[in-house]
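Please keep the sequence and the structure in view while reading.

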Amino acid sequence: MEISNLPISPSIRSKLLSKGYTSLSSLSSISPSFLAQELSVKLEEAVEVLRAVSDTTTSKSAHIPYGIIPGAVTAWDMLSEEQMQRHISTGCEDLDAILGGGIHCKEVTEVGGVPGIGKTQLGIQLAVNVQIPVEYGGLGGKAVYIDTEGSFMAERAYQIAEGCIYDILDKFPSNSREFLSCKERLQVNNFLAGIFYFRICSYTEQIAVINYLENFLTEHGDVKLVIIDSVTFHFRQDFDDLAQRTRVLGGLSLRLMKLSKMFNLAVVLLNQVTTKFTDGSFQLTLALGDSWSHSCTNRIILHWNGNERCAYIEKSPSVPSASAPYLVTGKGIRGINSNFKRARIM
Amino acid sequence: MLFSTVAPASTSTSTSRDADSIPQHHPARDQFAPIPIPLRSLLPHSKLSLGCPILSRLLSGGLPVGTLTEISGESATGKSQLCLQLLLSSLLPPCLGGLAASSLLILPSLLPFSSLLKRLSRLPSPLHPSPLDHIFVASAHSPDHLMMLLYQADRLFHKSPSLMPPLRLIVVDSIAAIFRSEFDNNFGDLKARTGMFFRVAAKLKEQASRFGAVAVVTNQVVDVMGPEMAGDVGNNHHMGPALLSSGRMVAPAMGLSWANCVNTRIFLSRNDEMAAVGVNGEDMAACTRRSMEVVFAPHVPRSSCEFVIRKDGVFGLDIERQ
């Protein structure tokens, strides 16, 4: 039995076995507080058990050189893990294509653009799309939405969730047996319940929530997306000490990057634009300065191309720079070749 | 000095959406633990009607509670008239699209006070006996003064409904005039001005969000050059399709930074057109076509409708009837 090979104390092992947890997979999706209650142990011990479980499941074969550097993984393992990663669809096929499938997990993606271009709309679309069940090609996860500006409207999230479900049922045949079970999960209320929404009114609250996220994500292991809309707003209020602002922002971005790797989720930060005087003219650039621009793994700029909305990948370690047009419709973010049957074009 | 919030740091982010209640403080755990707000509790989202069903329909019910809306336009396009209409609308009960609340109007100066009172008293308010009792007016002569007024308004938000309707609407008419006098055009002052934009917007949004209120500001417009003058920050072609008024390309004042501060932007425009041509080819009559456009909003797409300004208020026009 796999439990007997876990590096845990014998008393806890016997408690696990007596409660019926005989295999590692039975422990894969339990929250620490539930396990602590089940086994009548302290919360820290339950966290230790689950950590031992996840360590064992990631080290597949015995000849990994753990003795050299603990926690080291071979590049081959990393590659196969990366190729197995699912991506979060943005709703627009062209944009998904240039992103290499969608928004990547374990990475921090920054999305910036002028007001009204659709940043919040993209954020809500991602929070809905991350919940698409695995059987339909999604991640089946939940989302944390941290709103600093007040642009998130629950009724818009309702519309977008409706549009997403409508398109899924349109695309997949509804009478096959394996889809019947997860069709019940395709309810708008389930999608709304799967978004954990926080409203932040100052930069201290923003720092506090991000510090608290580690606890929250440990409790809710099925969160696969954290969105902050926008990360900038409370930091543009004229800090007298710019160096401190840079330090605080650097700390935030490091913490978010660590969370994304630790919990295998995607972090999406929405940013505002400002103008910068370069090469003798004013150019549009993302806010928060030059040092912040190094903090994120990927950068997407949303901009107007005449009367059309476009997304441009400015920075990415895995895909080349490219541009794709998209629409904001009544059903959410869509590509320009989507079915226009019921779309209201914005 | 770093900007600090009015509320103590232990306030949780769980706020009740009921307009009449004070936000509950979460019972203390051993550390700060914010509670996520369940989205079901935010539906349906309360809105403040614009006082006319057609205009309110343009905004899917009206101005959403908890957000900051900007109404921009040239002079004499009807911004102040629309604001007065909102002040009266807020007194109505929620079933009629109001907030059952008092409102606060902040102006750059109270000099045109008698004409303001006249306009307010002329507006019809059949459902409320004495609307002027619940409309507060104040003047702010600088952005710092405006911030001070907003902090003072906090106690008005907390009023219990049995004593008087609590404050649930703040209108600033106009924000551009309050900011104009204060700052010079050198670089240091421009940075300070941008910082003040965000402070004012953050304070208004925080009050709107915590108390289920609506914040409205009006703004002026500036002329912009055409897209041929690329690279010039003065032109706003990167903000999307152009806004036209009186045949000129215009953009709301205070630039890109201020545009990042508001949730909803409404643009009022006017265009004088020739309505009819006489027998000999001379123009017979000129009419003013007024248009209200939603430039961006969190809950509705970009759309517009025509409206007229009458003695009894601002009313939208149904396109079919024309």
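S230(A) lies in the loop between β4 and α11 (242-263) of chain A; helices (H or I, at least four residues) and strands (E, at least two) are DSSP runs, numbered from the N terminus. The peptide bond that joins D229(A) and S230(A) is cis, with omega about -15°. The model is a predicted one, in which local features need pLDDT of at least 70 and side-chain atom pairs count only at pLDDT 80 or more, while totals for chains, interfaces and linings use all residues. Residues are numbered from 1 along each chain as its sequence is written, chains are lettered from A and ligands numbered from 1 in the order in which they are written, and side-chain values use heavy atoms, with hydrogens and water left out.

Chain B also holds a cis peptide bond, between D173(B) and S174(B), with omega about 0°. S174(B) is found in the loop between β6 (167-172) and α5 (175-180) of chain B. Most residues other than glycine have a negative phi, and most peptide bonds are trans. Against that background K106(A) may be noted: its phi is near 65°, a positive value in a residue other than glycine. K106(A) is placed in the loop between α5 (93-98) and β1 (108-113) of chain A.

The strands of chain A come next. Strands of a sheet pair through backbone hydrogen bonds, either parallel or antiparallel. Here two strands are said to pair if DSSP finds at least two bridges between them. Nine strands of chain A form an open sheet with mixed pairing, in the order β3-β2-β4-β5-β1-β8-β9-β10-β11. Its edge strands are β3 (195-199) and β11 (332-334), each of which pairs on one side only. Neighbouring strands of this sheet are turned by 25° against each other on average, direction ignored; axes are lines fitted to C-alpha atoms, for helices over the stretch in contact, and angles run from 0 to 180 degrees between N-to-C directions.

Within this order, β4 (residues 223-229) and β5 (residues 266-271) of chain A run parallel and are joined by five bridges. V226(A) stands opposite V267(A) of β5(A). Another pair in chain A is antiparallel: β6 (residues 273-278) and β7 (residues 281-286) are paired over six bridges. F277(A) faces F282(A) of β7(A) as its opposite residue. The hairpin of β6(A) and β7(A) has two residues between the strands, and D279(A) takes a positive phi near 55° there.

Chain B contains an open sheet of three strands in the order β8-β10-β9, with antiparallel pairing. At its edges are β8 (221-223) and β9 (243-245), each pairing on one side only. Neighbouring strands of this sheet are turned by 55° against each other on average, direction ignored. Three bridges join β8(B) to β10 (residues 248-252) of chain B. Along this pair, D223(B) stands opposite V250(B), and V221(B) has P252(B) as its bridge partner. On the other strand pair, β9(B) and β10(B) are likewise antiparallel over three bridges, with R248(B) as the bridge partner of S245(B). β9(B) and β10(B) form a hairpin with two residues between them, and S246(B) in the turn has a positive phi of about 50°.

How do the two chains meet? 50 residues of chain A are in contact with 53 residues of chain B, where contact means heavy atoms within 4.5 Å. The area buried between chain A and chain B is about 4,600 Å², of which carbon and sulfur atoms give 64%; buried area is the accessible area (1.4 Å probe) that two parts lose on being put together, summed over both. In chain A, P115(A), M153(A) and Q237(A) lose the most area to chain B, together 14% of what that side buries.P115(A) also belongs to the account of enclosed space. A search of the whole structure finds six cavities of 30 Å³ or more, a cavity being a set of points, on a 1 Å grid over the protein atoms alone, where a 1.4 Å probe fits but cannot get out. About 350 Å³ of space lies in the largest cavity, a volume being the space filled by probe spheres set on the points, which are joined across faces, edges and corners. Its lining has 25 residues (with an atom within 4 Å of a point), and P115(A), G116(A), I117(A), G118(A) and F296(B) lie nearest its centre. The largest share of that lining, three residues, comes from α6(A).

Definitions and conventions
On a 1 Å grid over the protein atoms alone, a cavity is a set of points where a 1.4 Å probe fits but cannot get out, and a pocket is an open set with protein on both sides within 12 Å along at least five of seven lines; lining residues have an atom within 4 Å of a point.
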